[in-house]
Amino acid sequence: MIISENDSVWAANEFISYFKRFDTIEDYIRVTKEAAVNARGKSIVSLKDEFFNEDVHPEDMDFEVRFVGERFQQSVPQAYYHELLTATSSAVIEKNIPGRELRWIVYEKNSMKIVGFIRFGSPTINSKPRNEWLGQPANLSIFNRHACMGFAIVPSQPFGYNYLGGKLLALMCVSHFAREHLNKVFDKKIGWFETTSLYGSTTSASQYDGLKPFIRFKGLTDSKFLPLLHDTAFHILHNRFTLINNNTPVTPSYVSSKKMKRQTKMIAWTKKSLIEHGQLDKLEEFNEVIKKAFTLTQRKRAYTSDYGYGNVREVLLGKQDKLIRGQNWDKFYLDNIISWWKRKAGKRYEKLKQEGRFRDKVELWTEDDNIQIIR
C-alpha cells in the first residue's frame, strides 16, 4: 500500500523519534517498563510489605507455592498476581496470553512474604539450540506432549540478590513437584523444560548458570526481529494507519502475534511510500534507525532440563515411546532441590553479610526509581 507523502514522512519521524533513544537493550527495557507502569499508575498503597526482605539464613527458610486462578484450591486471584508481578519484573507483563499456562506465587513460609513468581506455558514452536540438540526440527506433535517452557521466572528483590533467588525459582520449575502439576494442568507427560535468559548477550551470566545437573545451557537462540513499540507509541501509529486504511486495522484482529505483524506492515508501508514520493533522505535516516534498532534484540541464552529422565531425546525424536528415569532422578524431588539451593544460597548470604553488601530494601517498579535491571 502507498500512503500519502505527508503520512509517510510523519510515520517515519514517529519511528525515528521512538527508536533513536535506545543504545542498548537495557535502555529499551527501562523505557518500555516505565511507560507501562505510568500508564497503569503508580501504587497508591505501598505493596512493599508483601515482599520478603528479612535477614534470615537460608537454612532457616521454608517455602510454599500458591497457585493462581480460580480452578485451584487456596489459590490467589489473577489480578493480584498480575499487579505484584508488574511491580516486580523488569519485563512488561501481558494479561491475556493464549494457550495453556500455570502460574505460581512462591512464599517464604515463616514470614509469609513473597520471594518470586513463575509462569509456565507451552514451548515456542522453533528453537535453534533445540534443533541442534535433536539434530533436526522437532516433531511438534510429539514435542508438545512432553515439553513445557518457563516464561516468567522472577525473584522479588532483595531476595533475588541476597539469596540467589532466581536460581531457587528456576530449580523449582524443574522439580518433580512442578512436573506432576504440569502433567495435570496441561494433560501431558512432561519430560522436558526450556527457558531463555531475559537479557541475551547483554551479560555473559544468567540466573540459570551453575545449576547442573538440574538445568543446562544449550546455546544461543537466533534473534532477528525489531523490538516492539510500547502501547502508547504503538497506538498513535496504528490509529493513524487504521484511518488511512479505510478505518480497517492493518492486519485482522484474530491473527497471532498481532502487534508484531502490524508494526512490521506499518514499517513496510512507510518504506515503500517514502520511495514512491522520492523522500530518499528521509528513507535513508529511517533505514539507519531501524537497522540500529534491530541490534537491540540479542541472541538469548537457552537453558533446558530433562527432569531426571534418561531418554528424553530418544522420546522427542520418536525413537522410544516411554520416558525412563535416569540416574539423577531422585535429585529432582523438591526437598532435595531446595537443600541443594540452601548450600549455595548460604554461601552467598554469608559473603554479603561479611562484606557489608546485604540489602534490605524492597524494590518495586511501581514505587521506586532507578532500579538496577541487570544485576
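**Close-up 1. The buried residues of helix α7.** Gly-165, Gly-166, Lys-167, Leu-168, Leu-169, Ala-170, Leu-171, Met-172 and Cys-173 are the buried residues of α7 in this predicted model. Helix α7 spans residues 165–173 and is mostly covered, with 9 of its 9 residues buried.

**Close-up 2. Helix α1 against helix α11.** Two packed helices are described by the angle between their axes and the distance between the axes. Here the axes of α1 (residues 5–19) and α11 (residues 280–294) come within 9 Å and cross at roughly 35 degrees. The crossing is left-handed. On the α1 side, look for Val-9, Ala-12, Asn-13, Phe-15, Ile-16 and Phe-19; α11 brings Lys-282, Glu-285, Phe-286, Val-289, Ile-290 and Ala-293 to the contact. Sorted by class, these are 9 nonpolar, 1 polar and 2 charged residues.

Close-up 3. Pro-158 sits in the loop between β4 (147–155) and α6 (159–163). You will find Pro-213 in the loop between β5 (192–196) and β6 (216–220).

**Close-up 4. Positive phi at Asp-187 and Tyr-307.** Most residues other than glycine have a negative phi. Asp-187, however, has a phi near 55 degrees; this residue belongs to the loop between α8 (176–186) and β5. Asp-187 is exposed, at 65% relative accessible area. Tyr-307 likewise has a phi near 55 degrees, and lies in the loop between β7 (301–305) and α12 (312–316). Tyr-307 is buried, at 0% relative accessibility.

Methods
Residues are numbered from 1 along each chain as its sequence is written. This is a predicted model: local features need pLDDT of at least 70, side-chain atom pairs count only at pLDDT 80 or more; totals for chains, interfaces and linings use all residues. Side-chain values use heavy atoms; hydrogens and water are left out. Axes are lines fitted to C-alpha atoms, for helices over the stretch in contact, and angles run from 0 to 180 degrees between N-to-C directions. Helices (H or I, at least four residues) and strands (E, at least two) are DSSP runs, numbered from the N terminus. A crossing is left-handed if the near helix is turned anticlockwise from the far one by less than a right angle, and right-handed if clockwise. Contact means heavy atoms within 4.5 Å. Ala, Val, Leu, Ile, Met, Phe, Trp, Tyr, Cys and Pro count as nonpolar, Asp, Glu, Lys and Arg as charged, and the others, Gly among them, as polar. Buried means under 20% relative accessible area, exposed over 50%, partly exposed in between (1.4 Å probe, protein chains only).
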